[in-house]
Amino acid sequence: MSKLLRKPLNEKINPGVTLVQDINQENSPLNYVGFRLIELEKGAIYQEELTDLECCIVALTGKITVSEGTHVFSEIGTRANVFEKIPTDSVFISGGRVFQVNADSEKARVALCYSPADRDLPTTLIKASDNSIEQRGKYQNKRLVHNILPDVSEVASSLLVVEVYTDGGNFSSYPPHKHDRDNLPAESLLEESYYHEINPEQGFIFQRVYTDDRALDETMAVEHQNAVVVPEGYHPVGVPDGYDSYYLNVMAGPKRVWKFHNDPDHEWILERD
């Protein structure tokens, strides 16, 4: 199996808490990005102490309560399924703090997105209404984007988080682009992780990760609740007809700026009438 593709773990870590994905510095080539996906049954509690990492807690599905110190955000979360295609609520927590997630609905699916905590920032509720929404691309490269923590946001010190929907028969992260060189203003160095869901769940999509010299060149068939790590290189996603794609991106690097470089072999696609 690809060293970049992560299948679901589905490990019980606490009563009522299942760890689906766990990507960190120790088990991946990523130095700036971490990602966990947990599923909670009603009444279940997940607690974590952050040290040198900041975290964005995304209520993917169901209702949760997030607590940190005197901050309590009750029954946040807006959807029963990510494919409702509406923004959801999130909570940003800076490094050095302890937080707790409680499941308020029968089931809750929660993404935990990590990056280095460069400075101390206030715990912040990012409401669904705070997400900016974009329609990107044309022809067979159309996708819907929910910006949870874009680079224009001052909520986080290093973390970038975004949701992307791609309908069947379309490509996204396309034409292929990369952001693996600290060469601003032309390009920024940002590692990335993709957490994928597919509708219907028995489907699959394709993701390729490759560098100009092809020292890294992997093409993966990605299934429901798989994750892909992108330490460098171009990383397009293709969605077969009949299935819709959702992915949650986490990005981080030495500077909190998203500047990408298109693969020059395919940039001509943008110039079509």
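How do the residues of the lining of the largest pocket divide into nonpolar, polar and charged?

Reply: The model is predicted, so that local features need pLDDT of at least 70 and side-chain atom pairs count only at pLDDT 80 or more, while totals for chains, interfaces and linings use all residues. Residues are numbered from 1 along each chain as its sequence is written, and side-chain values use heavy atoms, with hydrogens and water left out.

The lining of the largest pocket divides into 17 nonpolar, nine polar and seven charged residues, where Ala, Val, Leu, Ile, Met, Phe, Trp, Tyr, Cys and Pro count as nonpolar, Asp, Glu, Lys and Arg as charged, and the others, Gly among them, as polar. A pocket here is an open set of points, on a 1 Å grid over the protein atoms alone, where a 1.4 Å probe fits, with protein on both sides within 12 Å along at least five of seven lines; its lining residues have an atom within 4 Å of a point. There are 33 lining residues in the largest pocket, and Arg136, Arg143, His177, Trp258 and Phe260 lie nearest its centre. Two or more lining residues come from each of β13 (132-136), β14 (143-149), β15 (160-166), β20 (191-199) and β25 (244-252), strands being DSSP runs of E with at least two residues, numbered from the N terminus. The space in this pocket is about 540 Å³, a volume being the space filled by probe spheres set on grid points that are joined across faces, edges and corners.

The second largest pocket has a volume of about 280 Å³. Its lining has 16 residues, with Asn24, Gln25, Gly34, Leu53 and Tyr114 nearest the centre, and divides into seven nonpolar, five polar and four charged. At least two lining residues are supplied by each of β3 (17-23), β4 (34-41) and β11 (107-116).

Those three strands also belong to an open, antiparallel sheet of seven strands, in the order β2-β3-β4-β11-β6-β9-β12, two strands being paired if DSSP finds at least two bridges between them. Its edge strands, each pairing on one side only, are β2 (11-14) and β12 (124-126).

Seven bridges link β22 to β21 (residues 204-210), and isoleucine 205 is bridged to valine 222 in β22.

Definitions and conventions: Helix = DSSP H or I, 4+ residues; strand = E, 2+ residues; numbered from the N terminus.
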